[in-house]
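Take a look at the model first, then run through the points below.

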Amino acid sequence: MDMLIHNAAILGSITDHIRGPLNIAEMAEVFNVNTLGSLRVTQAMLPLLLQGQTKLIVDISSEAGSIKQCSRDGWFAYCVSKAALNMQARLIHNRLKQEGGQVILVHPGWVQSYMRGKLDASADLTPGASEQHIAARIDP
């Protein structure tokens, strides 16, 4: 299977909110990694991907990028970068479907990870359980 999976992400501050100080430089760094990083990799790898049979790009997004389901009042860097990733994936998908390719977005669930600098063991899913969920979604 010919596939490109984007899973790189950083969190940034989760305490920033509109009535407090906003670390714009940190937000730009998060956006650069979470959104523009996958765009750069996609553009670089696209010629190879399009030579394959499956032509599949998988973007690991987050419920934090959902505008409809948003309940937070902060987490600007992460939420905005994931919402932008979602739109970016849609734009790329619209183009690639003309060439037999597709982009899918996957929400991995709340995963026990080190995104906050230490293991968040209170999360619902282990990395292995999340991986199984994602693998089931992308297996043709």
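Of the 140 residues in the protein chain, 35% are buried, meaning under 20% relative accessible area with a 1.4 Å probe and protein chains only. Keep in mind that this is a predicted model, where local features need pLDDT of at least 70, side-chain atom pairs count only at pLDDT 80 or more, and totals for chains, interfaces and linings use all residues. Residues are numbered from 1 along each chain as its sequence is written, and side-chain values use heavy atoms, with hydrogens and water left out.

**Layout**
- The protein chain has three helices and three strands, which are DSSP runs numbered from the N terminus (helices H or I, at least four residues; strands E, at least two).
- Read from the N terminus, the order is β-α-β-α-β-α.

**Strand pairing**
- S1 (residues 3-6) runs parallel to S2 (residues 56-60), with four bridges joining them; pairing takes at least two DSSP bridges between two strands.
- In that pair, Leu4 sits opposite Ile57 of S2.
- Leu4 also belongs to the covered face of S1, along with His6, while Met3 and Ile5 make up the uncovered face.
- S2 also pairs with S3 (residues 102-106), again parallel, over five bridges, and here Asp59 faces Leu105 of S3.

**Overall shape**
- The C-alpha trace spans about 50 × 30 × 25 Å along its principal axes.
- The accessible surface is about 8,600 Å², and carbon and sulfur atoms hold 56% of that (Shrake-Rupley method, 1.4 Å probe).

Definitions and conventions. Buried < 20%, exposed > 50% of the residue type's maximum accessible area, 1.4 Å probe, protein only.
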